[in-house]
Amino acid sequence: LPKHVPLAPAVALLALSAYLRSERVAPLVVFTILTAMAILTKGSGLYLIAVLPCALLATGRLHWLFRPSFWIAPFGVALLCAPWYIVSHKFLDRGFLARTDLMTGVWVLGWGTVRDLALLAPLAAWGVWKTLRTRPIPPLAAICTIQPIILVVFLMVAPVIAEPRYMMPALPSLLLLAGFGIH
C-alpha cells in the first residue's frame with residue numbers, strides 16, 4: 001500500500017475479523033488499541049467505533065452485545081482517547097470548514113470515488129454481491145462490505161468538506177472485496 005494509506009484502521013479491521021472468527025479477547029484488544037491510535041492520529045478514525053456493532057449485526061452475532069468482553073472495545077477506546085479530547089476540546093473546532101451538502105457528498109464520495117477506482121469499483125461491487133449471497137457471511141467479508149459505507153456516512157455527517165482523499169481508509173477493504181469478487 002502507498003505510504004499515505006493509514007495502516008492502523010486496516011489492521012484494526014483485520015483484528016476485528018479475527019475476534020469475530022475466534023471469539024478470543026486478544027484480537028479485540030488489538031482492535032481497541034489500533035482504533036484508539038487511528039482516532040488519536042486523525043479524528044476521522046472515529047468511524048471505526050461504529051464498525052464493531054455493525055459487524056455484529058451483519059454476521060448475525062448481535063447477541064454478543066451482552067457479553068462482557070464486547071465492552072472492552074468501547075470502554076477501552078474511550079479510556080485511551082478521552083484524556084486527549086478533554087485536554088484539547090477547545091481546539092477541536094479549528095480546521096472544520098463547513099458541512100458538505102447531500103448532492104455534493106454523493107457526487108464526490110460516490111461517483112468521484114467510483115471513477116477514481118476504475119476497474120476496482122465493479123470488482124468490489126461483485127465481491128459485495130458474492131459476499132451477501134454467502135451464508136453465513138464470513139466476518140472479513142462483512143467488515144469489508146460495511147466499512148466503506150460507514151466511512152461515507154461518517155464523512156457526510158462530519159463538519160468537513162468531502163474530498164475523495166478522505167476515502168483512502170476504504171481502499172484496503174475495497175481491494176479485499178475485489179479479491180472476493182475475482183475468487
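The secondary structure of this protein chain comes to eight helices and zero strands, where helices (H or I, at least four residues) and strands (E, at least two) are DSSP runs numbered from the N terminus. Read along the sequence, the pattern is α-α-α-α-α-α-α-α. This is a predicted model, in which local features need pLDDT of at least 70, side-chain atom pairs count only at pLDDT 80 or more, and totals for chains, interfaces and linings use all residues. Residues are numbered from 1 along each chain as its sequence is written, and side-chain values use heavy atoms, with hydrogens and water left out.

**Whole chain**

- Of the 183 residues in the protein chain, 42% are buried; buried means under 20% relative accessible area, exposed over 50%, and partly exposed in between (1.4 Å probe, protein chains only).
- Among contacts with a separation of 6 or more, 76% come from residues 24 or more positions apart, a contact being heavy atoms within 4.5 Å.
- The chain exposes about 10300 Å², and carbon and sulfur atoms supply 75% of that area; accessible areas come from the Shrake-Rupley method with a 1.4 Å probe, and for residues only the protein chains shown count as cover.

**Salt bridge**

- A search of the whole structure turns up one salt bridge, defined as a side-chain nitrogen of Lys or Arg within 4 Å of a carboxyl oxygen of Asp or Glu.
- The partners are E23 and R67, whose closest N and O atoms are 3.1 Å apart.
- This pair links distant parts of the chain, 44 residues apart: E23 sits in the loop between α1 (7–22) and α2 (25–41), and R67 in the loop between α3 (48–58) and α4 (72–88).
- E23 counts as partly exposed because its relative accessibility is 44%, and R67 also counts as partly exposed, at 25%.

**Nonpolar surface patch**

- V25, V29, I33, M37 and L80 make a nonpolar patch of about 390 Å²; patches are made of residues with over 30% relative accessible area and no salt bridge, with like charges joined within 9 Å and nonpolar side chains (Val, Leu, Ile, Met, Phe, Trp, Tyr) within 5 Å.
- Helix α2 gives the largest share of the patch, four residues.
- M37 is found in helix α2 and is partly exposed, since its relative accessible area is 43%.

**Around T59**

- T59 lies in the loop between α3 and α4, and it counts as buried because its relative accessibility is 13%.
- The side chain of T59 makes a polar contact with the side chain of R61 (3.2 Å); such a contact is a pair of N or O atoms within 3.5 Å, where within protein one must be able to donate a hydrogen and the other to accept it, and residues adjacent in sequence count only if both atoms are side-chain atoms.
- Not counting residues up to four places away in sequence, T59 touches I137, P139 and A142.
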